[in-house]
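Please read it beside the coordinates.

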Amino acid sequence: MNPVYVTQPALPPLDEYTQMLEQIWSQKILTNNGPFHQEFEQELCRYLGVEHLSVFSNGTLALMTALQALRIVGEVITTPFSFVATTHSLWWNNIKPVFVDVEPEYFNLDPDRIEAAITPRTTAIMPVHVYGNPCYMERIREIADTYGLKVIYDAAHAFGVRRNGHSVLEYGDMSILSFHATKVFSSIEGGAIVCRSEVMKKRIDHLKNFGFANETTVIEPGINAKMNEFQAAFGLLQLRYVDGYIARRKEIAETYRSGLRDVAGIRCMEDIPGVRHGYPYFPVFVDAAQYGMSRDDLYEKLKQHQIFGRRYFYPLISQFPTYSGLSSARPENLPVAEQAARQVLCLPIFPELSLEKVAEILSIIKS
Ligand SMILES: *Cc1c(COP(=O)(O)O)cnc(C)c1O
């Protein structure tokens, strides 16, 4: 029996990538805003429906650079229910993360709890569109405007997500994407910052290249977060196929949902009306008392059948030693996130996963 992991990268046709490699060989430009890099940025803007975007070597450096570009300092309000990179990007900028609990429907930052966490040192809010479900963006904007805060969305899960015809990336001062191999859309490693103006894009472009504005001018201490031509070419190629990948993911998600509808103690997330989803993960939430088995026992049971789910996000970021000493990290401050972390299990979902395999996974969960 072949092991099935929570995700498996989708590889575009090798012969098409080989042709692109031949172009790189003949042009002899390997990195530094080369032709594939430029085309990739243009095509991403077109696909995503945004105007200003800068690609990065990965999503974490994009997060760190976004904070630098906006000169964020002091304290930033964020969620504990995310991948560690969200909070690490604050730590690397010497910013204190302030954890606020999530809401119980989509497990995104709870807008009702943000104001109580604002102090004179707060400069920004960093929410995450968890599992690609849009945050309460209007509420967050209202709070940010009232208190004069910046908003930086970690949109690593939200590639291609649109609500009422608008990209979620249109919200906030900046949004960050990740194109890591395990995401819906990939450039092997990679990421991007979506920002609001050409001037800001230029500043970000300087920051990701050591701060160089031209041959002899260094505007400030930048970093090296440039995307190379190999990643850009891979991303360009993936972009031609990504709608097909998302359609397959949707089919798998719908098969899981209909199979789990009448299983007591297993909760799935439904599509939101008006939202075009990307289906990066298929999380289920296990109520041990109703289901008759804990989340961890189900996780182990699937493992025995060579099905490797992942507990995204367990442990919470606030439970890691770097952050657990912060007063906002106390479990009693984060009851909804704590419960979600105990109950969540992400089931395998990737374009090549067959519906037969999904049926097999469903029958293990039901048995
Ligand atoms: C994947 C991910 C990141 C990090 O992106 P990399 O490209 O792997 O550096 C950050 N935040 C979230 C929510 C992610 O899922």
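1. Glu220 is a buried residue, at 13% relative accessible area. The value falls under the 20% limit used for that label. Please keep in mind that this is a predicted model.

2. As for its place in the chain, Glu220 lies in the loop that links helix H6 (198-207) to helix H7 (229-260). Its side chain is in polar contact with the side chain of Arg203, at 2.3 Å. Leaving aside residues up to four places away in sequence, Glu220 touches Arg71, Arg203, Leu207, Phe210 and Gly211.

3. Is strand S2 enclosed or open? Five of the five residues of S2 (residues 52-56) are buried, so the strand is largely enclosed by the rest of the structure. Burial applies to both faces: His52, Ser54 and Phe56 point one way, while Leu53 and Val55 point the other way, and all are buried.

4. Which strand pairs with S2? The partner is strand S10 (residues 191-195), joined to S2 by five bridges in an antiparallel arrangement. Within this pairing, His52 is found opposite Cys195 of S10.

5. The domain assignment divides the chain into domain 1 (14-238) and domain 2 (242-366). Each of the two domains gives 38 residues to the contact between them. The C-alpha centres of domain 1 and domain 2 are 25 Å apart.

6. Interface size is often expressed as the accessible area that is lost when the parts come together. Between domain 1 and domain 2 the buried area comes to about 3,300 Å², and carbon and sulfur atoms give 67% of this. On the domain 1 side, Phe99, Tyr131 and Val184 lose the most area to domain 2; together they make up 22% of what that side buries.

7. What is the count of salt bridges between domain 1 and domain 2? The count is zero. Polar contacts, by comparison, number 15 residue pairs between domain 1 and domain 2, with both residues at pLDDT 80 or more.

8. Helix H4 (85-91), strand S4 (96-99) and strand S7 (162-163) are the elements that give two or more residues to the side of domain 1 touching domain 2. S4 supplies the largest share of that side, with four residues.

Note on methods:
Residues are numbered from 1 along each chain as its sequence is written. This is a predicted model: local features need pLDDT of at least 70, side-chain atom pairs count only at pLDDT 80 or more; totals for chains, interfaces and linings use all residues. Side-chain values use heavy atoms; hydrogens and water are left out. Buried means under 20% relative accessible area, exposed over 50%, partly exposed in between (1.4 Å probe, protein chains only). Two strands pair if DSSP finds at least two bridges between them. Domain bounds come from an automatic or database domain assignment. Contact means heavy atoms within 4.5 Å. Buried area is the accessible area (1.4 Å probe) that two parts lose on being put together, summed over both. A salt bridge is a side-chain nitrogen of Lys or Arg within 4 Å of a carboxyl oxygen of Asp or Glu. A polar contact is a pair of N or O atoms within 3.5 Å; within protein, one must be able to donate a hydrogen and the other to accept it, and residues adjacent in sequence count only if both atoms are side-chain atoms.
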